[in-house]
Amino acid sequence: MAGDVVQLDDLLATLDRTGPMPLYFQVSSAIERAIRSGEIAPGARLENEIAIAQRLGLSRPTIRRAMEELVDKGLLVRRRGIGTQVVQGQVTRQVELTSLYEDLQNSHHAPGTRVLVHDTRPADDATAAALSVPAGSDVVYLRRQRSTDGVPVAVLVNYLPPDFADITTDQLEAKGLYQILRARGVTIRVANQRIGARRAHGDEGELLDIDKGGPVLTMERVAYDASGRAVEFGHHCYRPDMYSFETTLVAK
């Protein structure tokens, strides 16, 4: 089951210890087959390298190299305080006018939200320009951690016009932002969006469970309603091992 500690005794019982095939390759290949077939479930944790080596009578460098092969292929991830875990499966997001919450739901992942900051604050110049409000006027500020199946995948920062100040933290934890806006009669028609990459800064590494200063994908978006009014300005960062953007290009 996902989250359980998997022992590899049966899986690796048929290793050929005298043949020409390197043992690390046999170990990594057997684990890879089990992951891809679903025998080892997404989210499952593996024993630590020392325990695996001792139980199977193999050297620790052999097990370490096998695990590094699987980490490099994106099948395993090493997480602080948890150990080596099977990757949940990357979320691929079509570059469309949808929210991350909806994308996770539509791809059969269980979205989770932790509201980090929810307040009203003066708009800086960039936010004021994006939302077409006077600089220094109050706007709603949201900062949330979004997870999929219990694994952190994104840090979301959003600014909203002040008439949305009555949106509650409970609503933000239960639904996606676009779902909340639609329930209030807001129809989002168009958005300007920019996708990029940078290094994590501040507490982003901790929130995304990646190395401090590690790479993150980024997305900045200004969304407009049917009347042309800017109703959301957001800049988000995503774990690159858990998330990707996908688009279709058509020649003119």
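Which side chains meet in a salt bridge with an N to O distance of 3.0 Å? The pair is D119 and R121. A salt bridge here is a side-chain nitrogen of Lys or Arg within 4 Å of a carboxyl oxygen of Asp or Glu. Residues are numbered from 1 along each chain as its sequence is written, and side-chain values use heavy atoms, with hydrogens and water left out. The model is predicted, so to speak of a local feature takes a pLDDT of at least 70, side-chain atom pairs count only at pLDDT 80 or more, and totals for chains, interfaces and linings use all residues.

Both partners of that opening pair are partly exposed, a label for anything between buried (under 20% relative accessible area) and exposed (over 50%), using a 1.4 Å probe and protein chains only. D119 comes out at 28% and R121 at 30%. D119 also has a bridge partner in strand β7, namely Y141.

That leads on to the sheet. Helices (H or I, at least four residues) and strands (E, at least two) are DSSP runs, numbered from the N terminus, and two strands count as paired if DSSP finds at least two bridges between them. Strands of a sheet pair through backbone hydrogen bonds, either parallel or antiparallel. In this model, 6 strands line up as an open sheet in the order β6-β7-β8-β11-β10-β9, with antiparallel pairing. The edges are β6 and β9 (188–199), each of which pairs on one side only. On average, neighbouring strands of the sheet are turned by 15° against each other, direction ignored; the axes behind that angle are lines fitted to C-alpha atoms, for helices over the stretch in contact, and angles run from 0 to 180 degrees between N-to-C directions.

Strand β7 (residues 138–148) is mostly covered, with 10 of its 11 residues buried. On one side, 11 bridges link β7 in the antiparallel sense to strand β6 (residues 111–122). Another 9 bridges join β7 to strand β8 (residues 151–160), again antiparallel, and here L142 has N158 as its bridge partner in β8. β7 and β8 make a hairpin with 2 residues between them, and D149 in the turn has a positive phi of about 55°. Over at β9, the antiparallel pairing with strand β10 (residues 215–225) runs over 11 bridges, and A191 sits opposite A223 in β10.

Now for the helices. Helix α1 (residues 23–37) has 15 residues, and at 1.5 Å a residue it should span 21 Å, which agrees with the 21 Å between its end C-alpha atoms; the expected span is 1.5 Å times one less than the number of residues. Its buried residues include Y24, V27, I31 and I35. Among the elements covering the buried part of α1 are α3 (60–72), β3 (76–79) and β4 (83–86).

In soluble globular proteins, nonpolar side chains tend to be buried together. A nonpolar core is a set of buried Ala, Val, Leu, Ile, Met, Phe, Trp, Tyr and Cys residues joined through side-chain atoms within 4.5 Å. The largest one has 24 residues, and L8, V27, I31, I40 and M67 have the most contacts inside it. α1, α2 and α3 each supply at least two of its residues, and the largest share, 6 residues, comes from α1. Leaving aside residues up to four places away in sequence, M67 touches L8, I31, L46, E49, I52, L76 and R78, where contact means heavy atoms within 4.5 Å. Apart from this core lies another of 15 residues, including L172, L177, L181 and I188.

Back to charges: the whole structure holds 9 salt bridges. In one of them, the side chains of R60 and E49 meet at 3.9 Å, N to O. R60 lies in helix α3 and E49 in helix α2 (residues 49–56), so the pair ties together parts that are 11 residues apart in sequence. R60 is partly exposed at 39%, whereas E49 is buried at 12%. E49, R60 and R64 are linked in a network of salt bridges. A further salt bridge joins R55 to E47, with 3.3 Å between the closest N and O atoms; R55 is partly exposed at 38%, while E47 is buried at 13%.
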